[in-house]
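Welcome! Take a moment to look over the sequence and the 3D view, and then let us walk through them together.

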Amino acid sequence: MKPTPTDPALLPIAFEDALNAHDADRVLALYAPTATMRTVTGEVISGSTALRREVEQTIAAHPHITNTTRHVLIGDGTALVIVDWSMQLTTPDGHRVAASGTTANVAGRNTDGTWRFTILNPTGTA
């Protein structure tokens, strides 16, 4: 497994690599154990079990994501990570669809200097 980034600006790249590899464990390693996510359907989920379910459902749709980092603002052990993303997924009936948006995520620095997402909001302000 690839190491967790020591620079929050690398989180979107690590996420892209892990999701495109369809590797749930690598994706989840980028999340804090108590992370919270607002899903693209608007549901707010927290904790490793709910996050794993969401990631595995996404991976089941054979995603391919492209992330373009717009801004990373680093504060005292916290970073705001704004990313434009585009993704292709396969629907249950076999059609390939595209989605895109701008995510507003918060990352926290761990005591070992690595960063993990603590709040994920893939639809940003939408």
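By about what are Arg 52 and Glu 56 separated in helix H3? They are 4 residues apart in that helix, so about one helical turn lies between them.

## Before we start

This is a predicted model, in which local features need pLDDT of at least 70 and side-chain atom pairs count only at pLDDT 80 or more, while totals for chains, interfaces and linings use all residues. Residues are numbered from 1 along each chain as its sequence is written, and side-chain values use heavy atoms, with hydrogens and water left out.

Helices (H or I, at least four residues) and strands (E, at least two) are DSSP runs, numbered from the N terminus.

## Salt bridges on the helices

A search of the whole structure finds 3 salt bridges; the term stands for a side-chain nitrogen of Lys or Arg within 4 Å of a carboxyl oxygen of Asp or Glu. One of them joins Asp 25 and Arg 52, at 2.7 Å from N to O. Asp 25 sits in helix H2 (residues 24-28) and Arg 52 in helix H3 (residues 47-60), so this pair ties together parts that are 27 residues apart in sequence.

Arg 52 also forms a salt bridge with Glu 56, where the closest N and O atoms are 3.2 Å apart. How exposed are these residues? Here buried means under 20% relative accessible area, exposed over 50%, and partly exposed in between (1.4 Å probe, protein chains only). Asp 25 is partly exposed at 40%, Arg 52 is partly exposed at 31%, and Glu 56 is partly exposed at 40%.

## A salt bridge between strands

Asp 84 and Arg 70 meet through their side chains in a salt bridge of 2.7 Å, N to O. This pair links distant parts of the chain, with Asp 84 in strand S4 and Arg 70 in strand S3, 14 residues apart. Asp 84 has a relative accessibility of 26% and counts as partly exposed; Arg 70, at 46%, is partly exposed.

## Strands and their hairpins

Two strands pair if DSSP finds at least two bridges between them. Strand S3 (residues 64-74) pairs with strand S4 (residues 78-90) in the antiparallel sense over 10 bridges, and His 71 stands opposite Ile 82 in S4. These two strands form a hairpin with 3 residues between them, and Gly 77 in the turn has a positive phi of about 75 degrees.

S4 also runs antiparallel to strand S5 (residues 96-109), joined by 13 bridges. Leu 80 stands opposite Val 106 in S5. The hairpin of S4 and S5 has 5 residues between the strands, and Gly 94 in its turn has a positive phi of about 95 degrees.

## An aromatic pair

The structure holds 1 aromatic pair: Tyr 31 and Phe 117, edge-to-face, 6.4 Å centre to centre and with 65 degrees between the planes. Tyr 31 lies in strand S1 (residues 31-38) and Phe 117 in strand S6 (residues 115-120), so the pair ties together parts that are 86 residues apart in sequence. For such pairs, rings of Phe, Tyr and Trp (its six-membered ring) must have centres within 6.5 Å; planes under 30 degrees apart count as stacked, over 60 as edge-to-face and the rest as tilted.

Are the two residues buried or exposed? Tyr 31 is buried at 5% relative accessibility, and Phe 117 is buried at 3%. S1 and S6 pair in the parallel sense over 3 bridges, and Phe 117 is the bridge partner of Tyr 31 in S6.
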